[in-house]
Amino acid sequence: MKTSRFFINTLRESPNDAEIVSHKLMIKAGLVRKNASGIYSWLPLGLKILRKVENIVRKEMESCGAQELLMPGIIPSELWIESKRWEEYGPELLRIKDRHSRAFCLGPTHEEVITSLVRNEVTSYKQLPINFFQIQTKFRDEIRPRFGIMRAREFLMKDAYSFHANQESLDATYLEMFKAYSNIFEKLHLEFRAVIADTGNIGGTGSHEFHVLADSGEDFIASNDNGSYAANLEMVNLDQKLREINESKEPHQLIETPNIKSIKEVAEFFNTTIQNCIKTLLVTDGKNFYCICVRGDHEINFVKLKRLLAVEKELKMASEKDVLKIMGCPIGSVGPMTKKCSLYVDNDAFNCINFICGANQDGFHLQNANWNKKQIDKIADIRNAIDGDPSPDGSGVLKIKKGIEVGHIFKLGVKYSNSMKAFVTDSDGSSIPMVMGCYGIGISRIVAAAIEQNHDEKGIIWPLPLAPFLCAVVPIKRKSSPIVDKYAEKIYKQLTEMNVEVIFCDQNKRPGVLFSDLDLIGIPLRIVVSEKNITDEKIEIKLRKNNKTIFWGINDIQSFIEKFQSGEMDS
C-alpha cells in the first residue's frame, strides 16, 4: 500500500476533552474521529487494527467449537420483559419506539435474544452442548462517556453464549473459554491477568474478568507473585483471625479536636498512625442506613458489604445532610459508639485496641477507645485488600495493580432459561431448563487498552499482531534521485511479494514529518532508503519499540524480516 492511496490524517494537537493516552493518540494518529459523546467513526488505519483484533478473536472462538451467527442490534421489549430486565437494567438501556409505538431497545448485550433463538431451535438434550458467538456493535447509554473508545456508548464486542444439559457440561465449556481467552491475549502480545470477579447485573454463579495491565486502568486487581491467585479487588476474601479478649489498658477519653476532620489530620493530632484510627462511615441502600467501621488505612468493599447486608439495591455513601440528621454530627465526627443505626465492623478494625475514633459530637474524638462486642451487629471481612495482605490461597502476599477490563466470562446457570422458558427434554423425557454460560470480549476496547500499555512520548508502539503495517519504506528525496526511487520500489515490491504488510511513503513530505508520523502511528519497522546508504549497500532500519537503528545489507531485506518476525531481532 502506498501513502498516496491510503488515507492517513494525523494531527499535531491532542483533543481538548482527551483525558488518557489512548484517547489522545487514537485521535492524533488518525484512528478514530468523534461524532457525538461516546460515539466514534473508525478511519481506515484504525479499522485495520480493529479487524486484526477481531480476526484473532474469531479464529480462537472457532478453534474451541463456537459457531458464529449475527443477531439484531435492535431488540423488541418483549424479550427483556420476559427476563425481567426491562426495568432492572436501568438508564443505560436506550429505549426507542417504532412508528407503531412498539417498544424496542438498542442491544447492550444479547442474553435475551440468544435464549429466545435457541429455545425455538433446540428441543432435546442430544442437541447440546452448543456454543454461539457474534462480533457486533453494542450500545450502552453511559451517563458519562469518557476516555474515548475506552468508555464509549457504542462499541464493538464479541459475545458468546453456550447452552448445556447440566452443570458439568457448562463447567467444561467454561474452562475451554477461559483457555481461549488466555490464548487470545497471549496472541495479541498483551500483559494481562485473569481474575475472579463479581457477576454484576448479568447474574449467574461465577465469573472471571480479563484485564490488560495499565497504570490508567479504572479497576484494581490483586495478585500474588507466582500467579497462583488473582482477583478483582471487589472479590478478594481476607481471612483475618479475630482476637478473643479485650486487651485495653486505659479508659477512653473525650478529646476536643477543633477543625480536625480527615483520618490523616486525626492521626497527626494524636501523634499516632492511621492504622490506629477507626473510620466510621454511614452507607445507605436508599431505605436503611448502616454504620460501617474500617481501619484508617482501609476502604470499604461495597460488593462484600452488599452481600453481607443481603440488600438488593446498590449501596452508596450517605449524604452530609443525612449524616447530620441521623447521627447528630458532621461526617468527620461520626464514631462507632452509637445505637442510632446498625453497626458493622471489619475484622481488622475489630482487632484494634486503644484506638482513636469519632465521638459523634462535632469537634470531638475519643482516645483509647475499645469495642463493646454487644453493640456490634456483625464482624466480617468488608474491606478492600491492600499491598502486602496475605494471598487468600496461602502463597505469598498480594500486590495491587491497575487493569483495564477487556473480557468477562460468566456461568449464568438457569437465570435466563428459567425466566424465558428455554427447556429441553432430557434422557427420561422430563423437561429441564438449559444451563447457560456467556463470554464477552471488548474488541474495540482492546485497541485502546493496547495503546495504554504500549506507548511512549512519540506515540503508539503496537505489539506486532496489532500493527496496521509491519514496516514502512521511506525513500529520501526520491523525486530528485532516480536510484533512491529504484531501490525503494524494489524493496517495496520484494516485501509485498513476501506477503509483508508494508506501506510505501511515496508522498513528497519532509523526512522529519514522515518520521514523526510513523512514530505516532506506531509502525514497528521504518526502512529508510537514501543515496548515502545505497552507496554503502545498506538500508537503515529503525525499530519503533526501542528506537534502535540497524544498518542491513540492501539486497538482504528478506533475511532481516524473517529474523524480526521470528523474534531473533529485538522487536
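Guide: Buried means under 20% relative accessible area, exposed means over 50%, and partly exposed lies in between (1.4 Å probe, protein chains only). The model is predicted, so local features need pLDDT of at least 70 and side-chain atom pairs count only at pLDDT 80 or more, while totals for chains, interfaces and linings use all residues. Residues are numbered from 1 along each chain as its sequence is written, and side-chain values use heavy atoms, without hydrogens and water.

Visitor: Is Phe185 buried or exposed?

Guide: Phe185 has a relative accessible area of 0%, so this residue is buried. Phe192, at 17%, is buried as well.

Visitor: How is a pair of aromatic rings described?

Guide: The distance of the centres and the angle of the planes describe it. Rings of Phe, Tyr and Trp (its six-membered ring) pair if their centres lie within 6.5 Å; planes under 30 degrees apart are stacked, over 60 edge-to-face, and the rest tilted. By this rule there are twelve aromatic pairs. The ring centres of Phe185 and Phe192 are 5.5 Å apart with planes at 40°, so this pair is tilted.

Visitor: Over the face of which residue does Arg526 lie?

Guide: A charge sits over a ring if NZ of Lys or CZ of Arg is within 6 Å of the ring centre and within 35 degrees of the ring normal. Arg526 lies over the face of Phe515, 3.9 Å from the ring centre. Lys411 lies over the face of Tyr174, at 4.9 Å.
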